[in-house]
Amino acid sequence: MTVDTVELAATTPDVEQPHAELGLKSDEYARIRDILGRRPTTAELAMYSVMWSEHCSYKSSKVHLRRFGDLPPSEHLLVGIGENAGVVDVGDGYAVTFKVESHNHPSYIEPYQGAATGVGGIVRDILTMGARPVAVMDSLRFGRADAPDTARVLPGVVAGVGGYGNCLGLPNIGGELLFDECYAGNPLVNALCVGVMRHEDVRLARAEGVGNKVVLFGARTGGDGIGGVSVLASETFDAEGPAKRPSVQVGDPFTEKLLIEACLEIFGQDLVTGIQDLGGAGLSCATSELASAGTGGMHVDLDRVPLRDSTLTPAEILMSESQERMCAIVEPGKVDAFLAVCRKWDVLATVIGEVTAGDRLTVDWHGERIVDVPPRTVAHEGPVYERPMRRPADLDGLQADDPAALPRPATPEELTAHWLAVVASPDGADKTWVTEQYDRYVRGNTVLAQPDDAGVVRIDEDSHRGIALALDGNARYARLDPYAGAQLNLAEAYRNVAVTGARPLAVTNCLNFGSPEEPEVMWQFAEAVRGLADACRDLGLPVTGGNVSLYNQTGDVAINPTPVIGVLGVHDDVRDRVPTGWRAAGETVLLLGETRPEFGGSAWASVVHGHLGGRPPAVDLAAERALGRLLGALGREGLVTSAHDLADGGLAQALAESALRYGTGATLRLAADPFTALFSESGARALVTTTDPEAVRTTAEWAGVAVTELGTTGGDVLAVDGVGELPLAELRAVWTATLPALFGSPEATVGAVPAGTVPTS
Amino acid sequence: MRIGVITFPGSLDDVDAARAVRLAGAEPVALWHAEHDLKDVDAIVLPGGFSYGDYLRAGAIAARAPMVQDVVDRARKGMPVLGICNGFQVLCEAGLLPGALTRNSHLHFRNRDQRLRIERADTAWTSDYATGQEIVVPVKNGEGRYVASPAELERLEGEGRVAVRYVGGNPNGSLRDVAGVTGEDGRVVGLMPHPEHAVEDLTGPSTDGLGFFTSILEAVVSA
């Protein structure tokens, strides 16, 4: 086999190159030739094709994402957008890094490995920042729950998220599971990881110091995942096309666990000057990004890369997305110590090159130069598009289709039937079928996990400092109004963190949309980004980073715009955390916030009428802020015994979840119109229980939040004046039956300890 | 009182086991699988996790680790050893405890708060409980189904070697609801559920698990 060298490329300008097959447009290919002053070699073309893919270059989204960078600087942000993940100061010298990333396309093709490697990838991003990963979350969306393909994809995805995360020893502390027809050919698998470090331990991905060594460590490089970012994540699926399974990576969580422990020991001994994980675009990405962010020069001998498959071509080695690999920049005097730590953990580590003077990234293969490029043009100066945008033609009609016209339940029997329907719907139902496949206890610091509104993790056993995290992404709201929808999702995640008593500090996001080449999708994207940025400015929260997943569409049908928003909060003392469920009888149930007749995009309209139309609930960020302040104060003062955010399914869903958590009912009176009270999805609301309602009222008055007394906890029914009596046993039966009925109930007789019966010894 | 916690490549609940030892009032001592130095510990915990990625069979490779050979020798001379989850699998693979742990009958990894009955309150690791006492601790495993031949099971039941049993539902299809067994002298105990995850009100479903770690203090002191 003749190798396509730089020398050969310079003398054979007319060789036909398969740029289109690699996902490059003709003008992009022409630009590469301009940059290099010749045609690219096969290896160079491979590098540019993966690095200039939508997934790696953000070429369609970049112009919009600048809005996040333009937010006012935050005193809490230690490292901002642009690194592998943002880093936030959470006090006492602790820093937290968190990020959510999509692995949508691979998970559709090969659900288990797609989801597993999604978790693996985001964990490496967090590790790369110098942090110990401490927890994961997953936000999942599938087609209709009863669709045959959902039965293929969902069990594999759940097993993959669990299989990888469990084996890494990371507790899964929460997430989302939602269903909608629009995800039938495009399930969304978004994984979040959060890590903790001391301020001084932050690491950056840059190659500096001429003569420093480039060390590749972790798994061997194989033929899996070649072109994953360009072929899979950056093109619309074509039902007629060839199977794309070879583009999906295969994960080995055991190797990743060793990589985590080895890295943390390496960081502890201060053995690296820069580090980057190998994810999408593999070695192409790691080398070009390290060089580009550093002084610019790097040389790599590709022959030294340990291979699983000796037949791989140099271009394939550069593009491979084999998992569980990292690349570090190490001073020559520290290489031996670095390799010793790797040996201790049975991690393969190889010096493959060094930092060089100048500003070229060069790669040799069998003694011949096959890559000679300015790394900045590969990693950071890719194409940027101002894609055309157009407000969707159907949006006026959709917004005019007001759910106010839908038939409403009038009798107590109808109200009860609709209540049960919402609670038993796949979106509203108990998620134990999924979450019991995840380890939520490992590391022993999980204070709250699903089904609580947010995950809460202790980060210091002596000071009891902790963090709270929530992920939310209502796509129905975003379909009706992407600007407001993104803001509502932020508000919900903010509330979910606040109900635990935490102080919201920072935001991450995973923006899942259709094809950017569709002007209507591009408009949705731009509006969502604008909405999120404006709301973050208003709430005073920095965006620490994020991920964009485009081309989530099959044929010309795009998914509903799905901006999944993550909010990080801090607990000065996690012992003050507020759980969601009702435990004791005789406590007063209070509703915080104001309820308006808002049903656009609601769970009620969707579940009962299969309807999506009208306007989403009004965004009131001042009210969200006031509620957040109030919840924080109530938590610190110990004035509430539980708190639950109101969101999808409104009060109906929140009451059911609060009662079922520990098997405690309540006797309640609703406002004059029980339908609106139960099913409206007005924002800035939460349900709390207290033994001191007067103190809660006084505090709420101070915060400027309306309080409505609903009743008293106790008994084994939800007795609602004007609606009827719902026995908790009946409610639990319908709530827990849905997912096992859809996805199989292995040994239904195998029972857990019923909630509320845990003895206190 | 020094209690060693062995870390293998892929061990996950070693930090949790060490915390439980500390909360019980003993000194946790980190031990490394590849060494032969047991650092003068009085008892040993083999923690949960996926040692060696569960490759070959769960616990099979770790059972051949240098340190486990030392643990087997010491256990045969009376050193108390507790194997939790993957640690239980290692003890079975190493021949210190009878039976084997296989894939859960429903094939799912399952994590839930599980009710257990202490069947033997006279082992080195369960003396702080009462016989027949019911406790709740987390269970979480994919390969936790306890199996042994019918004759072996009869023998174990006859000798009172079933130390802990699942009640109120069997999470993984274990034969005879066996959650944990003990060696002949009651010094070695292995169980699939995780007592080290039920040692603090803040993070566990109960503090019922602490008894395993307080029991050993007395066992060692009185030995």
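**Exercise 1. Packing of α7(A) and α10(A)**

Task: In this predicted model, determine at what angle α7(A) and helix α10 of chain A pack, and how far apart their axes are.

Solution. 
Step 1. Two packed helices are described by the angle between their axes and the distance between the axes.
Step 2. Helix α10 of chain A covers residues 253–268, and helix α7 of chain A covers residues 111–128.
Step 3. The two pack at an angle of about 5°, and their axes are 11 Å apart.
Step 4. Angles under 35 degrees count as roughly parallel, so α7(A) is roughly parallel to α10(A).
Step 5. From α7(A), the contact is made by Gly120(A), Val123(A) and Leu127(A); from α10(A), by Pro253(A), Glu256(A), Ile260(A) and Cys263(A).
Step 6. By class, the residues of this contact are five nonpolar, one polar and one charged.

**Exercise 2. Arg124(A)**

Task: State where Arg124(A) is found, whether it is buried or exposed, and which residues it touches.

Solution. 
Step 1. Arg124(A) is found in helix α7 of chain A.
Step 2. There are 25 other C-beta atoms within 10 Å of Arg124(A). The cut-off for a buried residue is 20 or more, so Arg124(A) is buried.
Step 3. Not counting residues up to four places away in sequence, Arg124(A) touches Asp277(A), Gly279(A) and Met326(A).
Step 4. As a distance check, Arg124(A) and Phe743(A) are 619 residues apart in sequence, and their C-alpha atoms are 31 Å apart in space.

**Exercise 3. The annotated binding site of chain A**

Task: Find which residues UniProt places under "binding site", then describe the surroundings of Gln249(A) and Ser322(A).

Solution. 
Step 1. The unreviewed UniProt entry places the feature at Ser102(A), His103(A), Asn104(A), His105(A), Arg124(A), Gln249(A), Glu321(A), Ser322(A), Gln323(A) and Ser549(A).
Step 2. Gln249(A) is in the loop between α9 (228–232) and α10 of chain A. It has 28 C-beta neighbours inside 10 Å and therefore counts as buried.
Step 3. Ser322(A) is in the loop between α12 (314–319) and β10 (325–330) of chain A. With 26 C-beta neighbours inside 10 Å, Ser322(A) also counts as buried.
Step 4. Leaving aside neighbours within four places in sequence, Ser322(A) is in contact with Ala219(A), Thr221(A), Gly222(A), Asp224(A), Gly225(A), Gln249(A) and Gly282(A). Gln249(A), one of these contacts, is itself among the annotated positions.

**Exercise 4. The fold of chain A**

Task: Compare the radius of gyration of chain A with that of a compact globule, and describe the chain as a whole.

Solution. 
Step 1. Chain A has 26 helices and 28 strands.
Step 2. For 761 residues, a compact globule would have a radius of gyration near 27 Å; chain A has 26 Å, which agrees.
Step 3. The C-alpha atoms fill a box of roughly 85 × 55 × 55 Å along the principal axes.
Step 4. Buried residues make up 63% of the 761 residues.
Step 5. Of the contacts in chain A between residues at least 6 apart in sequence, 85% join residues at least 24 apart.
Step 6. Residues 18–59 of chain A carry the UniProt annotation "domain: Phosphoribosylformylglycinamidine synthase linker" (unreviewed entry). This span is 60% helix and 0% strand, and its end C-alpha atoms lie 21 Å apart.

**Exercise 5. The annotated active site of chain B**

Task: Show why the residues annotated "active site" gather at one spot.

Solution. 
Step 1. The unreviewed UniProt entry gives this annotation to Cys85(B), His194(B) and Glu196(B).
Step 2. They span 112 residues in sequence, but no two of their C-alpha atoms are more than 10.8 Å apart, so they gather at one spot.
Step 3. Cys85(B) is in the loop between β4 (81–84) and α3 (86–93) of chain B, and His194(B) is in the loop between β11 (188–191) and α5 (210–222).
Step 4. Cys85(B) is buried, with 29 other C-beta atoms within 10 Å; His194(B) is buried with 29 such atoms.
Step 5. Cys85(B) touches Asp13(B), Gly48(B), Asn141(B), Met192(B) and His194(B), not counting residues up to four places away in sequence.

**Exercise 6. The contact between the chains**

Task: Find how many residues each chain gives to the contact, and which element of chain B supplies the largest share of its side.

Solution. 
Step 1. The contact takes 37 residues from chain B and 33 residues from chain A.
Step 2. On the side of chain B, α1 (14–24), β6 (110–118) and β7 (134–141) each supply at least two residues.
Step 3. The largest share, six residues, comes from β6(B).
Step 4. By class, the side of chain B has 12 nonpolar, 16 polar and nine charged residues.

Conventions: Residues are numbered from 1 along each chain as its sequence is written. Chains are lettered from A and ligands numbered from 1 in the order in which they are written. This is a predicted model: local features need pLDDT of at least 70, side-chain atom pairs count only at pLDDT 80 or more; totals for chains, interfaces and linings use all residues. Helices (H or I, at least four residues) and strands (E, at least two) are DSSP runs, numbered from the N terminus. A residue is buried if 20 or more other C-beta atoms lie within 10 Å of its own, exposed if 12 or fewer, and partly exposed in between; C-beta atoms are placed from the backbone. Two residues are in contact if their C-beta atoms, placed from the backbone, lie within 7 Å. The radius of gyration is taken over C-alpha atoms; the globule rule is 2.2 Å times the number of residues to the power 0.38. Axes are lines fitted to C-alpha atoms, for helices over the stretch in contact, and angles run from 0 to 180 degrees between N-to-C directions. Angles under 35 degrees count as roughly parallel, over 145 as roughly antiparallel, 65 to 115 as roughly perpendicular and the rest as oblique. Ala, Val, Leu, Ile, Met, Phe, Trp, Tyr, Cys and Pro count as nonpolar, Asp, Glu, Lys and Arg as charged, and the others, Gly among them, as polar. UniProt positions are given in the numbering used here, feature names are shortened, and annotations may be inferred rather than shown by experiment.
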